[in-house]
Amino acid sequence: MQEPPKEPVKYVEANVYLPYRYIAGDYRARAMHGLKEKKFIGSKDSKTGKVFVTPLVNSPESFAPCTEFVALEGRGVVTTFCIVNIPVIGRDLQLPYVAASVALDGADISIFAAIQECAVADVRMGMRVEAVWKPDGERTGSFDDVLYFRPTGEPDAKPETYLNRL
Amino acid sequence: MTQLRNVAVVGFAQAPIVAHDPHRMANEMLYPVVREALAQCGVERDAIDYQTAGSADYIDGRPFGFVAALDVMGTWPPRQDSHLEMDAAFAAHYAWIRMQAGECDTAMVVGYGKVSEGQPERVLNLQLDPYYLAPLGLGPLSTAALQASAYMARSGATDADFAACAARNRAAAARNPHAQVRDPAPAAALQQTPWAVEPLRQGYVAPVGESAVCLILAAEGRAEAMCRAPAWIHGVDQRAELQSLGARDLSRSASATLAAEKALAMAGLGSAADVDLVELSAATPAEEMILRESLRLPAQGDGRPAINPSGGAIAGNPIMMTGLIRLGEAFRQLSGGAGEAAVPNARRAIAHAAQGHCLQQNLWFVLGRERRWS
């Protein structure tokens, strides 16, 4: 028989393993198919015409359904950002990198994106950026198809053009 | 509080219960249901004071899924909101309490959960205590089988009794367009189905199901304007008992019995036999028989009140919604929306919800077509 432990048991380790198998859903599936074609798919608020990307089922603001879809090019403007010094698991990003909100041209809300190919000190609100995609034939319809965003070198956007899309 | 406030169910919409919706996420399933429930009441979302949801992020496997659902619930401009990691019927009780406190006059209650995307047996294993029971790998089906065994040992109920109960529910479900199991089967055929977990056969328990549900509650003064025939809440009570399965008599449900007594007393009724129909969140025939006993009704058989005119949870058991659907079914019966499943001249109903393993927590609503308090 085992000796009773001298110290009282203070905790028990109980690991939990819960597997899931997601479906993307109608709206997200459209977005993922779009990425394969180097397009960002947005959905349009049927009441106000605002475009949400990635697509939303309904407008949280007007509560109207989003029944129409639009395809956006991967160009936009940095609306706000921060500098990150810790690595992201599964992403090959050079440290430090910039995590930014990017308002795509034609969209009314912003997406999160990493900015590369420039010094972190050069990133600023209003900077024009474009998506860098995985090469043709390697895109799988995944959010990883967008490697990161990089500056386009165009003149900065004026604050009034993006202030309501932060 | 000198007198309770009259609160009624005024709208209810649900997606049909299916094993797996391959095209829609939980939010995509919920949005049309919310729109439909509001439309039934002839209102827009700004008529709703308070919103509450019953769901579990462990079921969906999506962190903060309950926050994402606020978009499809119409939470703009921001309003009072809460979320329960329980069957949404308990969220409805929460809303009722807030109305009694005078904090709101109208409430939206939603339930959702894509159980097909995860493994509910594993998720619900985590409701058990982590030292003695969870490590055994028990899920809700195996604990329900323990309870069924305990009930058989005490009552003398047989496999044939379970089969008869399941057959009765399946026959009723054939008239319910929202039920998942809609193919009636004679008891003898169900008795031939393989064991799910002995003594429960596959024909006696609902397969995994998912849906999305929205129910609207309103207090007196608002309810009449939102619904032609509101289903007024006459009594409500919920009780919980010990989590540990070994510390209670699994062949009975003390919490269901006590909560039923309290809810009936609040409703001013002498007994459950005074109502026209009862909707039970009984996932197995043994649970149904235990709950009937809690109401002091015969454990088996037909008659008045009608038990589960919708087919009950045996014909469709979407986790997090089963209880709220019972409340919705009671509303349908009392407001004239039950279609083919209608119980003639139904004036009073009882709806039940359960949470936890082996009927650990029980909630009863007693409803009627007339207002309870003048």
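**View 1. B:Ile319 sits in a loop of chain B.** In this predicted model, B:Ile319 lies in the loop between β12 (317-318) and α12 (322-335) of chain B; helices (H or I, at least four residues) and strands (E, at least two) are DSSP runs, numbered from the N terminus. B:Ile319 counts as buried because its relative accessibility is 18%, and buried means under 20% relative accessible area with a 1.4 Å probe, protein chains only.

**View 2. Here is what B:Ile319 touches.** Setting aside neighbours within four places in sequence, B:Ile319 is in contact (heavy atoms within 4.5 Å) with B:Ile59, B:Val115, B:Pro120, B:Leu124 and B:Gly209. As for B:Leu291, it lies 28 residues from B:Ile319 in sequence and 19 Å away in space, C-alpha to C-alpha.

**View 3. Chain B meets chain A.** On the chain B side, 30 residues are in contact with 22 residues of chain A. Together the two chains bury about 2,100 Å², with 62% of it on carbon and sulfur atoms; that is accessible area (1.4 Å probe) lost on putting the two parts together, summed over both.

View 4. The most comes from α1(B), with five residues.

**A note on all views.** Residues are numbered from 1 along each chain as its sequence is written, and chains are lettered from A in the order in which they are written. Local features need pLDDT of at least 70, while totals for chains, interfaces and linings use all residues.

Notes
This is a predicted model: local features need pLDDT of at least 70, side-chain atom pairs count only at pLDDT 80 or more; totals for chains, interfaces and linings use all residues. Side-chain values use heavy atoms; hydrogens and water are left out. Buried means under 20% relative accessible area, exposed over 50%, partly exposed in between (1.4 Å probe, protein chains only).
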